[in-house]
Amino acid sequence: MRTRGVSLKKIAGAVLLGVGVALLASLTLYASTYTVILVTSILMYVILAMSWAMFSGPTGYISLAPAAFFGMGIYTAAVLGLKLPLGMVILIAGLGSFCLALLVGALTLRLKGIYFVIFTVGLVELIKNLVLWYEVTFTGTRGRFVIPADNNTIYHIMLAILVALLLTAYLIRRSRFGLALQSIGEDELAAAHVGVNVNPLKTIVFAVSAIFMGAAGAIMATRWSYIDPYIAFNPLVSFMAVLMAIFGGLGQFYGPILGAVIMAYLEEMLITRFPYHYMLIFGLVLVATIVYLPGGLVGLAPKLRNWMARVRRATPGG
Amino acid sequence: MLVTILDVVIAGLLMGGLYALIAMGLSLQYGVARVLNVSHGEFIMLGGMITWTLTAQYGLSPLLSLVFCGPLTFALGYLLHRTIFRRLAATAESPGVFEGNSMLTSFGLMFIIQNLALVIWGPEIRGYSYLAQPVNIGGALFGANRLLTMSVALVVGLVFYFYLARTRMGMAIRAAAQDRGAAAYMGININRVLAVCFALGAALAGIAGILISISYPVNGLMGFEYTTIAIIVVVLGGLGSIPGSFIGGFLLGLVGSVVTYFEPGLALAAYYAIFILLLLVRPTGIMGN
């Protein structure tokens with residue numbers, strides 16, 4: 001019975017995902033341009049939150065480096081956009097972010113806890129200031145123009161990156177690597193003792209998660225059309241990814257997706273009209289989630305179920 | 001040549017005094033209360049903006065702001081620790097989880113305080129003129145306000161040091177920093193000590209904000225830059241070591257001044273480069289163990 005229940009759930013999940021992707025893919029046929037642009041932004045945040053959660057969720061290493069990989073993608077698009085076709089640019093952006101993350105991960109993932117976090121914050125700032133200095137000194141201008149792409153193309157590429165990410169995250173999660181990552185998060189020393197090759201595994205998964213951030217940055221740059229180091233390496237991108245993932249909840253696969261969709265929609269609605277109030281709400285949600293809702297939104301589900309069961313038990317004849 | 005060197009060194013020391021003050025506050029919050037407070041810079045900003053309001057709008061002396069901003073930021077810090085961080089400490093399953101959660105919470109606080117300030121004061125850059133006449137030190141010219149900033153920073157730093165070294169509360173703080181459990185067995189009210197530490201850190205930030213506003217323009221967005229500088233200095237001096245932060249502050253001020261002399265665009269990049277190299281080579285800092 002149990003195995004059948006699981007496989008049914010799996011089939012239902014796959015069907016739901018298939019229908020969802022088909023609906024999203026055909027969005028450009030029936031939705032307005034505004035909706036397409038809105039959904040593109042939401043997809044971007046889902047990619048950032050999901051790829052962050054892919055590494056940081058199971059291991060517990062809080063990385064604030066997403067902005068570095070995202071910015072790397074943006075600059076790849078700005079530098080190579082004129083010379084190469086869009087598909088190539090995005091591939092190179094992903095690959096570049098992978099290499100950067102590999103280097104960073106190999107150097108720093110042995111740093112523990114708070115040291116790793118502040119290192120990743122410093123990394124974003126270092127790259128930003130170096131790029132800024134390079135641009136001002138050698139090219140003489142602060143920003144760059146990016147060849148814009150058509151809204152529907154941007155949307156479809158964003159969706160394709162997301163689907164690739166979801167597949168990768170799912171495969172890693174259910175493979176033995178996923179289990180090994182989980183064991184690192186619970187007790188790194190014990191994981192090493194039972195034969196998990198701790199540092200290479202952390203580094204590889206960290207680097208794989210960076211591919212999608214870089215690719216998302218490259219395609220997003222074609223929509224913004226003008227970029228400079230402050231836009232590209234904005235630490236807020238990292239905070240957003242972390243908040244959305246934690247707000248949704250790291251306990252379930254779909255938690256970060258849920259968190260990103262809700263927060264990204266809120267952002268689109270509020271940020272142009274009330275930018276300060278939006279950021280205020282952002283901070284309040286972050287504090288309230290960590291203090292009162294450590295499991296995120298998905299952590300609420302079992303609590304609700306327990307509560308309902310208690311109510312039912314308490315009702316006579318129920 | 002000699003005057004140039006003197007110029008660079010004195011400018012570095014003047015900046016360093018401020019850095020030291022900022023970093024000592026953060027060091028106290030992390031070293032004892034175990035909160036890597038990313039909203040530290042926002043308390044600096046609050047000190048700066050309130051002082052600007054008192055000086056430019058109401059014509060009061062910025063030094064008078066010390067008696068107002070100090071207690072205010074202290075109370076705010078105390079309240080935050082009693083409500084949020086104490087709860088986080090009580091629910092966290094391990095010290096590592098608490099450090100991670102409290103840091104993320106302080107990111108949230110950063111957004112809250114910063115944007116409240118932007119709603120109140122707007123994003124404009126504010127400044128006022130106070131003691132702007134130049135003073136000649138061995139041929140190099142410096143504003144009197146910078147010297148004042150530096151001397152107040154030194155006095156506050158020394159008072160703070162003697163507070164930790166000589167008073168009962170200071171002893172309790174040092175005991176809690178060394179071994180929280182043992183300190184509690186000796187009859188120290190740990191929750192109170194931790195809240196006082198967090199509040200003192202916030203007050204030091206508030207005072208630093210007042211001093212910054214005397215010499216430099218301020219605005220609602222200035223906080224994060226000072227937070228990152230404070231974190232760099234604290235790592236440089238050794239996380240949690242207060243003398244380390246003090247020395248680290250002057251060291252970073254000197255480095256910044258030297259790099260600015262040769263290539264002004266690279267000053268911030270140099271800070272981060274030092275910081276990243278340090279984390280890789282000697283994460284415990286110069287005074288850590």
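**Exercise 1. State what share of chain B is buried, and describe the chain as a whole.**

Solution. Buried residues make up 52% of the 289 residues in chain B. The model is a predicted one.

Step 1: list the elements. Chain B has 11 helices and two strands. In sequence order the pattern is α-α-α-α-β-β-α-α-α-α-α-α-α.

Step 2: A compact globule of 289 residues would have a radius of gyration near 19 Å, and chain B has 19 Å, so the two agree. The C-alpha trace of chain B spans about 60 × 45 × 35 Å along its principal axes.

Step 3: look at the contacts by sequence separation. Of the contacts in chain B between residues at least 6 apart in sequence, 79% join residues at least 24 apart.

**Exercise 2. Describe chain A under the headings used for chain B.**

Solution. Step 1: chain A contains 15 helices and two strands.

Step 1: for 318 residues, a compact globule would have a radius of gyration near 20 Å; the value for chain A is 21 Å, which agrees. Along its principal axes the C-alpha trace of chain A spans about 80 × 55 × 40 Å.

Step 2: 45% of the 318 residues of chain A count as buried. Among contacts in chain A with a separation of 6 or more, residues 24 or more positions apart account for 79%.

**Exercise 3. Find which residues of α9(B) and α11(B) meet, and describe how the two helices pack.**

Solution. Two packed helices are described by the angle between their axes and the distance between the axes. Helix α9 of chain B covers residues 223–237 and helix α11 of chain B covers residues 267–281; they pack at an angle of about 40°, with their axes 10 Å apart. The crossing of α9(B) and α11(B) is left-handed.

Step 1: name the residues. From α9(B) come I229(B), I232(B), V235(B) and L236(B), and they meet Y271(B), F275(B), L278(B) and L279(B) in α11(B).

Step 2: sort them by class. The contact of α9(B) with α11(B) has eight nonpolar residues, no polar and no charged ones.

**Exercise 4. Check the length of α11(B), and say what covers its buried residues.**

Solution. Step 1: at 1.5 Å a residue, the 15 residues of α11(B) should span 21 Å; the end C-alpha atoms are 21 Å apart, which agrees.

Step 1: the buried residues of α11(B) are L268(B), A269(B), Y271(B), Y272(B), I274(B), F275(B), I276(B) and L279(B).

Step 2: what covers them includes α6 of chain A, together with α9 and α10 of chain B.

**Exercise 5. Work out how many residues each chain brings to the contact between A and B, and which elements of chain A take part.**

Solution. Step 1: 29 residues come from chain A and 34 residues from chain B.

Step 1: on the side of chain A that touches chain B, α6 (113–139) and α14 (275–292) each supply at least two residues. The most comes from α6(A), with 15 residues.

Step 2: by class, this side of chain A has 23 nonpolar, five polar and one charged residues.

Conventions
Residues are numbered from 1 along each chain as its sequence is written. Chains are lettered from A and ligands numbered from 1 in the order in which they are written. This is a predicted model: local features need pLDDT of at least 70, side-chain atom pairs count only at pLDDT 80 or more; totals for chains, interfaces and linings use all residues. Two residues are in contact if their C-beta atoms, placed from the backbone, lie within 7 Å. Helices (H or I, at least four residues) and strands (E, at least two) are DSSP runs, numbered from the N terminus. Ala, Val, Leu, Ile, Met, Phe, Trp, Tyr, Cys and Pro count as nonpolar, Asp, Glu, Lys and Arg as charged, and the others, Gly among them, as polar. The radius of gyration is taken over C-alpha atoms; the globule rule is 2.2 Å times the number of residues to the power 0.38. A residue is buried if 20 or more other C-beta atoms lie within 10 Å of its own, exposed if 12 or fewer, and partly exposed in between; C-beta atoms are placed from the backbone. Axes are lines fitted to C-alpha atoms, for helices over the stretch in contact, and angles run from 0 to 180 degrees between N-to-C directions. A crossing is left-handed if the near helix is turned anticlockwise from the far one by less than a right angle, and right-handed if clockwise. The expected span of a helix is 1.5 Å times one less than its number of residues.
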